[in-house]
Amino acid sequence: MDSNKKIWMTLGGIVLAMLFIIVLQLFVRTPYQTIKVAVIPEGEYDPAVWGRHYPLEYKSYLRNREMAASPTGFGGSEKVQKSIKEPEILVNFKGMPFSIDYTEDRGHPYALEDLRDTKRVDKTTAGACMTCKTAQLADLFKEKGWDYAKMPLLDLLPQLKHPIVCANCHDPKTMNLRVINPAFIEAMEKRGIDVKKAPREEMRSYVCGQCHAEYYFVPVGKKVVFPWVRGLHPEKMYEYYSSIPNGFEMDWKHPDSETKMLKAQHPDFEMWSGGVHAGSGVSCADCHMPYMKVDGQKYTSHWVTSPMKHGKEACRTCHTQSDQWLLDRVKSIQNSVWEMQHTAGQTVARAHQAVGKASKSARADRAQLDKARELIRKAQWYWDYVAAENSMGFHNPVLALNTLGRSVDLAHQAIAAAERAAGGR
Ligand code: HEC
Ligand code: HEC
Ligand code: HEC
Ligand code: HEC
């Protein structure tokens, strides 16, 4: 073989190998092409162990411990009591633990610590509360099924060492995204979606949706259920609750208005799902876990916090406007929603007081009082759907404002019904 032929054969070989890699990449579109998947055993929950193999992701994950306000003035990662700015919380949640302690959320590594510290926990608190706070849920569910949910939380807490860690979202063997919360898997199944077969793009939101969603505990057994069979819109979830599903009638009874109340829990996934971003295929991870670059190496940021702390990477991959313009848009949406949320919350508080006052009169019209109570229950649900959601309306501004508008209207109707009731028959 002459040397020219050798050179051509080598070159041809290189071209073929490159073509092979390109074709392979077309078929195997995982982001892990550049990383070597390490073998981490199932049941390894210590993020530091995972971090030895994935140092860039781990380093950014550690930033979740940083506590700082958000540039929008809303949200943020500091533990601030919400009732300082919204005293109506003390009236609307009277008679239940959220009136004692209700703080702004912070980073994932604090989940267990904050659960241990909250004054909302006592010896009657159900083990079900740990469902969204630790990856060790996987073991507990395998071992006990839903029986873990009815155990006292205080009995479970000593064995819980790892909060929200890598294993909540990743299969340790393949590093593919996964969900471990059985309540989410079941709720999606009921909507005809098999999350075990979901495409990667969907998984980039499902890993978050498994915790950032509304749920309730079934009264007997404390199983966690997501109220989604009729839909994710606040009206559809309210209808579902009105059917007293699995015997669930209320979260608590309000002591002033004697209304059977619902407590909404962070419906971030639901709110996002009807918005313009979800409609355009923008996932939670697109904004909250943007791609970063160091020394030419691309990786996913695991500092899951307000995207406005790194707007360039989070928003400007799609938006051509300036950082300042985007920040101003977010703030103006949030300010409008905040104003309406505050108004709705205060109006609902007045409704509780009006019904409480009317019900003290022996002459009060009982039928009108019951009507007023049903109106309060619904008004507060609509207010709380937005107030308990974490983005101050940004995830879906139209739905947030519409829902708060309904809340104000219903609360006024409740006050009017209470006044009619007090007027006697
Ligand atoms: C809240 C969910 C969540 C947690 C917790 C989490 N990850 Fe990820 N991780 C993701 C998402 C989402 C992606 C993007 C994957 C995709 O698009 O396919 C990702 C991607 C990755 C990748 C692929 C390379 C890259 O940077 O895109 C690695 C490696 C990784 N994560 C390691 C870790 C490690 C190590 C931990 C724990 C310290 C961890 N992850 C915790 C959600 C999570
Ligand atoms: C295992 C349940 C779980 C999963 C999975 C999860 N979260 Fe969380 N998330 C929580 C809890 C609980 C908190 C509040 C922790 C605290 O305040 O102690 C929280 C807090 C947050 C915060 C507030 C952080 C801050 O700085 O204030 C953001 C933002 C967030 N999550 C977004 C996401 C996104 C995006 C995903 C998916 C990529 C996700 N979460 C996946 C349970 C979860
Ligand atoms: C288009 C970008 C975008 C998408 C998509 C998105 N978010 Fe957000 N999210 C934001 C912005 C902007 C805020 C407001 C942050 C602030 O006020 O600083 C926010 C706030 C939050 C917060 C509160 C953060 C804090 O500081 O307390 C949580 C939790 C959260 N989002 C979770 C989610 C989840 C879960 C999903 C998917 C179901 C999602 N987000 C989808 C942009 C997005
Ligand atoms: C993956 C692409 C993508 C990312 C990332 C993204 N957006 Fe968008 N955004 C869109 C699309 C698509 C629309 C729909 C309107 C349009 O086509 O411009 C939109 C619309 C908007 C709107 C107007 C709609 C409304 O809800 O009022 C605002 C404001 C906005 N985005 C802000 C942000 C901010 C802030 C971030 C970062 C936290 C962000 N976006 C991240 C794609 C994206």
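## Iron site of ligand 1

The iron atom of ligand 1 has an octahedral site, with angles of 88 to 179° among its six donor atoms. Octahedral here means six donors with opposite ones over 155 degrees apart and all others between 65 and 115. Ideal angles for six octahedral donors are 90 or 180 degrees. The model is predicted: local features need pLDDT of at least 70 and side-chain atom pairs pLDDT 80 or more, while totals for chains, interfaces and linings use all residues. Residues are numbered from 1 along each chain as its sequence is written, chains are lettered from A and ligands numbered from 1 in the order written, and side-chain values use heavy atoms, without hydrogens and water.

The protein donors are His170 (NE2) and His302 (NE2), lying 2.0 Å from the iron atom. Donors are N, O and S atoms within 2.8 Å of the metal (3.2 Å for Na, K and Ca); water is not among the atoms, so sites may look incomplete. The pair links distant parts of the chain, 132 residues apart: His170 is in the loop between α9 (166–169) and α10 (182–190), and His302 in the loop between β6 (297–300) and α16. Helices (H or I, at least four residues) and strands (E, at least two) are DSSP runs, numbered from the N terminus.

His170 is buried at 11% relative accessible area, and His302 counts as buried at 17%. Buried means under 20% relative accessible area, computed with a 1.4 Å probe on protein chains only.

Nonpolar covers Ala, Val, Leu, Ile, Met, Phe, Trp, Tyr, Cys and Pro, charged covers Asp, Glu, Lys and Arg, and the others, Gly among them, are polar.

Oxygen atoms of ligand 3 lie 2.7 Å from a side-chain N or O atom of Thr72, 2.9 Å from a backbone N or O atom of Gly76 and 3.0 Å from a side-chain N or O atom of Glu104.

## Surroundings of ligand 4

Ligand 4 is surrounded by 16 residues, the closest being His277, Ala314, Cys315, Cys318 and His319. A nitrogen atom of ligand 4 is 2.8 Å from a side-chain N or O atom of His277, and the side chain of His319 has an N or O atom 2.8 Å from a nitrogen atom of ligand 4. Two or more shell residues come from each of α14 (276–279), α16 (311–315) and α17 (323–360).

The shell around ligand 4 divides into 12 nonpolar, four polar and no charged residues.

Methods: A residue is near a molecule or strand if one of its heavy atoms lies within 4 Å of it. A polar contact is a pair of N or O atoms within 3.5 Å; within protein, one must be able to donate a hydrogen and the other to accept it, and residues adjacent in sequence count only if both atoms are side-chain atoms. Four donors count as tetrahedral if all angles lie between 85 and 135 degrees; four count as square planar and six as octahedral if opposite donors are over 155 degrees apart and all others between 65 and 115; anything else is irregular. Buried means under 20% relative accessible area, exposed over 50%, partly exposed in between (1.4 Å probe, protein chains only).
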